[in-house]
Structures are given as C-alpha cells and as structure tokens.
Amino acid sequence: MLKRNRYMDRGTCLVWVFGDYADYFQNRVTLQLIAKGKALASELGTRVGVVVLGEDIGQYVMEYVAHGADVIYAADNNALKDYDVELFTAVAASWVEIFRPEIFLAGATAFGRELFPRIAKRLRTGLSADCVALEIDRETGAFVQTTPAFGGDLLADVVTPVMRPQMATVHPGIFRELPHDPFALAELIHPPLPNLPERKIEVVRRRKEKARRASLTDAGVVIVGGKGVGSRANFDKLFQLAELLGGEVGATRPAVNAGWAGEERLLGQTGKSVRPRLLITIGTSGALQYTAGIRGSETVIAVNRDHSAPIFGLADLGIVGDADRILSLLIEELNRRL
Amino acid sequence: MEGIRSGAVSAHHNYMISGMLRPGFLVGDPGSAKGFYLLADFLLPGENTPRISGRFFDERGDMLLELTWNRLMLDPADCLYRPTPYGFHLSKSSGEIILETTTRRFPNGYITSFSGRLYDEKGVLKLDQEGSSARLVGNDSIMLTAPYQGCFGKEKKNA
Ligand SMILES: Cc1cc2nc3c(=O)[nH]c(=O)nc-3n(C[C@H](O)[C@H](O)[C@H](O)COP(=O)(O)OP(=O)(O)OC[C@H]3O[C@@H](n4cnc5c(N)ncnc54)[C@H](O)[C@@H]3O)c2cc1C
C-alpha cells in the first residue's frame, strides 16, 4: 500500500480521468468520462480531476474545464510532445503516488488500452477493461465496475477492495458529456515531473485516416445489420435505409467478418458504442458482446425471424419477420412518404 | 523533483505566463500614481480581446509609457503602439520591443501569450523573455478570477 505524504490533502480530488485528446473533437470519450467522474465524485463528496500530458495542451485543458473538470493536473513539456506510453506511464504513476486518487478512468481507445494496464501494473492495482457501467454502491460505498466477462457471455461487477486507485477503461459513447460551459473555472496544478525514461520511439510523421461521413458514434439514427441480413446485397439496403432516415450504419462481428461492412462500423465490446435516439437492429441475435455497444440507445427496434431471439428482450419494439422483406418494406414506405 | 505549482484556469480565455495558463493576473498596483504595474485582465465569455494595462519603465527606471486597456494613455518616451492581427506590439522609438501580445484562437477559447521585457520604476526586471514565452520575475503577482474592479492611478487622483 502507498504511504501518506505531504501532498495528499492538497485540494482533495479523488476521481481522476486521463485526458486522451488524440483526434479531439471526434474523440469525446474524455468528456464523457469527466461527466461520469463528476457524478461519481459528487457521490463520494470529492472532485473530478483530469490528467493532461503533452506539449501545447492549453486548448484541451480549457475544453476539459468547460466540460466539467474541477481540477487539471498538467504537464506541458516538450519531452511529452508525442503520445509515448512509457513516458506517460512514468508521469501518471508518479502523480498517482503523490496525490492518491481513489478512482482513475480512461477511454478504451487504442492509447488508453495501451497505457492503463501499464499504470495499473506499475502501481500494483487492479484494472477493469472495457467497462459498460460504473456506479458507487450506496450500501458499501464500493466502486462497482461492470465489464463483459468470460468471453462476453456475462456482465461481471468488479470491485477493487484494497488496492488503489480503482482503475477502469470505458468505451466511447457509454456516457453522455456535459454541455460546454464557457464560464467554468477550475484549479490548475502542475505537479513535478519524475525522471523520465529515455524515449524509445521517435514519431517520424503522422498521417490521419480520411474521415468517413458523419461519425457513427454521434449519429442520431443507427441501423445495424447482423448475420441474419444474409448477404452483401441485402446489407447494402441498410445503407439505403440509413440514407432515408439521415442515419449511419453499424454492424455485428459476423457481418464485418463477412465483408459486408468495414471494421470501423463494428459495434460492441470490441467495437464502438453508440447512443442514438433511434437504433434499428436487423438480423442480430442480441449477444452481450454486441449489446454492450448499444445499451445507451433511446429507442431500439429489433427485426428477427426468431421470436425467441434475446434481442427482443432489449428492444422497445420487436418485429418478427424476414430481414430482407422488412428492409424492403421500410425503404419502400419511406420512399413513398419522404 | 521541483515543487508543485498551482493556480486557476478558465474555460474561455487564459494568459500563458511563466509556463502556466492563468485567467488573469496583476503585478504591482494600478491605483498607484507612479509605480510599475501590469494588469492582464480576466475576460468574460463574449469578450475576445485581452485587456492589458500597465505602467512600464526602462532598465534605468525611466518611465516609458502607460497603457490602459490596450490604449496608450501616457507616452513620455515616444513609444509606438501597433495593433497586429493577433494582438499588439509596443516598441521604443529605437524600434526595440517592449511588449508583444499574441492571442491564439481555438474553436472554443483563446490563449494570449507575451514576449518582451518589462522593468519597474527602480529598473528591476519584472517580466523576462524565456525561450518563446514570457516569465514573471518574483513572486508578487496576484491571480485574477474575475474582471479587475479597482481603479487606475490617474482616476484616483482625479476622484
Ligand atoms: C471476446 C468476444 C468479443 C466479441 N465482441 C463482439 C463485438 O464487439 N461485437 C459483436 O457484434 N460481436 C462480438 N462478439 C461476437 C458475439 O459473441 C456474437 O457472436 C455476435 O454479436 C453475433 O452476431 P449476430 O447477432 O449478427 O449473429 P448471430 O448470433 O448468428 O445472430 C443472427 C440472428 O439473425 C437471425 N436471422 C437469421 N436469418 C434471418 C432472417 N432471414 N431474417 C431475420 N432474422 C434472421 C437469427 O434468428 C439470429 O438471431 C464477440 C465475441 C467474443 C467472444
């Protein structure tokens, strides 16, 4: 266990979020975690802080303040100019040892998934990966991290009773960010930097993948196709339907594996999470690994030819029928009305 | 390891000074009739031009100018105030830069940085150039988390 030190009681802030600003404005997961962290912090009677490492990070710091951060722990330093997992691990772990947060959250982004296991290992604490819910248990006060377990067949509630901090990574899109408040003010702390390990990776050049249409995670309407859609030609009808409804198309693992949709459209535990106003899920059975990515949707309509398919348990409206036939009818009807 | 430095930060506009963001700061007393001061005022949402005031001297302690909210009010040494697309530029008649401000605009906010060297009425360095940014010398600055409400020396005299 960690020993107390002279910094521990400075401006108590026990819920921390890692500020992952790569692809900022598209990648909103840090803002979503600040909102969730703030709710957890208020239950614990404390504040939410964001750790921001890098060079020229001012604009991200200000965005996090506008979206609810109470405290910013920042290092604006040329040595941290590119995301480097070893350097970031060294800095974040040393700051945890100084300030002793209770909870430390990060987005389950490519970098969050690389960074957090290393920090957890360094601090000899637990980490729940790819969480789909985070709560404080009102009776015990425990921080309950819900994560898919046993290959995703179960959702497990994980607690870390002894070691601190309690660390979790969370999928983008699970929580809702707070609105931008330009009047917000926060405490800014520049903790000392530890001796940094030598940089082993040199970033030669960055190339950004071309953005495809509207982001799936921000879409108000999402049409998802599963294995039951049956064929590439049938799957293309999902795009027609999405076009008519001003939405985006998502896919389950078998649909991606069949080549009907790209990996970037995969929803679920190993893909994206969405929270649209309307989600229509067609020819999907409702496996937990998939539904982990659609739990935040406001209204879910499911189409499946098997009336006992688990997806109907989650749907607000269920249609028992053939995927292709229902798709064709919907497109025809919308074309007639719009 | 060096110590912890802390302050406040605004969601809307900050000054980058001594390697930290600050929503506003004050060095010296704008209410004094003669002494050095530098006031980088707190901006509220809706305001997008930083308000800088100050009474600046040269390294011998001779007065150069007095600026109130970005306007040259006293100019005994024939200094030059020049607006730039990103802020303003104050220089001596010789062309030597006294202070330059640069405001960067982001989609949701602004950060203003300084460059130059400022001295007080005793010729003591108060703001120094460090690499591409500026650093306050000494520990006598006050952080502002609301717009400055005090008066300026001349107003006090007239009141
Ligand atoms: C560790 C791990 C991680 C995983 N991560 C993910 C993930 O992120 N995302 C993901 O999607 N999966 C993931 N999976 C796979 C997941 O377990 C399921 O296998 C997958 O979600 C099932 O996809 P599906 O519903 O399209 O296919 P199926 O489960 O095969 O369901 C097809 C459904 O279509 C119906 N159907 C068939 N024909 C028709 C028709 N003509 N008309 C109407 N309905 C029809 C069937 O009744 C059935 O219910 C993961 C698995 C593991 C082990």
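This is a predicted model: local features need pLDDT of at least 70, side-chain atom pairs count only at pLDDT 80 or more; totals for chains, interfaces and linings use all residues.
1. Two strands pair if DSSP finds at least two bridges between them. E10 of chain A and strand E1 of chain B (residues 5-10) pass that test, with 6 bridges joining them. The two strands run antiparallel.

2. Next, the extent of the interface. On the chain A side, 30 residues are in contact with chain B, and 29 residues of chain B are in contact with chain A. The two chains bury about 2,200 Å² between them. Carbon and sulfur atoms account for 67% of that area. Three residues stand out on chain A: A:Met62, A:Leu188 and A:His190. They supply 29% of the area that chain A buries against chain B, more than any other three residues.

3. Polar links between the chains. Between chain A and chain B, 6 residue pairs are in polar contact, with both residues at pLDDT 80 or more. Which elements of chain A give two or more residues to the side that touches chain B? They are helix H2 (58-66), strand E3 (71-76), helix H3 (85-99) and strand E10 (185-190). H2(A) gives the largest share, with 7 residues. By class, this side of chain A has 20 nonpolar, 4 polar and 6 charged residues.

4. Charge pairing across the interface. The rule finds 1 salt bridge between chain A and chain B. The side chains of A:Asp56 and B:Arg104 meet in a salt bridge, at 2.9 Å from N to O. Side chains of opposite charge can pair when their charged atoms come close.

5. Salt bridges elsewhere. Over all chains, the search finds 26 salt bridges. One joins the side chains of A:Arg176 and A:Glu298, at 3.7 Å from N to O. A:Arg176 sits in the loop between strand E9 (166-170) and E10 of chain A, and A:Glu298 in the loop between helix H7 (288-291) and strand E14 (299-304), so the pair ties together parts that are 122 residues apart in sequence.

6. The ligand. There are 25 residues around it, and A:Lys227, A:Thr252, A:Leu267, A:Thr270 and A:Ser285 come nearest. A:Thr270 places a polar side-chain atom 2.7 Å from an oxygen atom of the ligand. A nitrogen atom of the ligand lies 2.8 Å from a polar side-chain atom of A:Asp322.

7. A hairpin in chain B. Strands E7 (residues 63-68) and E8 (residues 71-74) of chain B run antiparallel and are joined by 3 bridges. B:Glu66 stands opposite B:Leu74 of E8(B). The hairpin has 2 residues between its strands. In the turn, B:Trp69 has a positive phi of about 45°.

8. Backbone details to check in chain A. The peptide bond from A:Arg164 to A:Pro165 is cis, with omega near 0°. A:Pro165 lies in the loop between strand E8 (154-158) and E9 of chain A. Separately, A:Arg124 has a positive phi of about 55°, although it is not a glycine. A:Arg124 is in the loop between helix H4 (110-123) and strand E5 (127-131) of chain A.

Notes: Residues are numbered from 1 along each chain as its sequence is written. Chains are lettered from A and ligands numbered from 1 in the order in which they are written. Side-chain values use heavy atoms; hydrogens and water are left out. Contact means heavy atoms within 4.5 Å. Buried area is the accessible area (1.4 Å probe) that two parts lose on being put together, summed over both. A salt bridge is a side-chain nitrogen of Lys or Arg within 4 Å of a carboxyl oxygen of Asp or Glu. A polar contact is a pair of N or O atoms within 3.5 Å; within protein, one must be able to donate a hydrogen and the other to accept it, and residues adjacent in sequence count only if both atoms are side-chain atoms. Helices (H or I, at least four residues) and strands (E, at least two) are DSSP runs, numbered from the N terminus. Ala, Val, Leu, Ile, Met, Phe, Trp, Tyr, Cys and Pro count as nonpolar, Asp, Glu, Lys and Arg as charged, and the others, Gly among them, as polar. A residue is near a molecule or strand if one of its heavy atoms lies within 4 Å of it.
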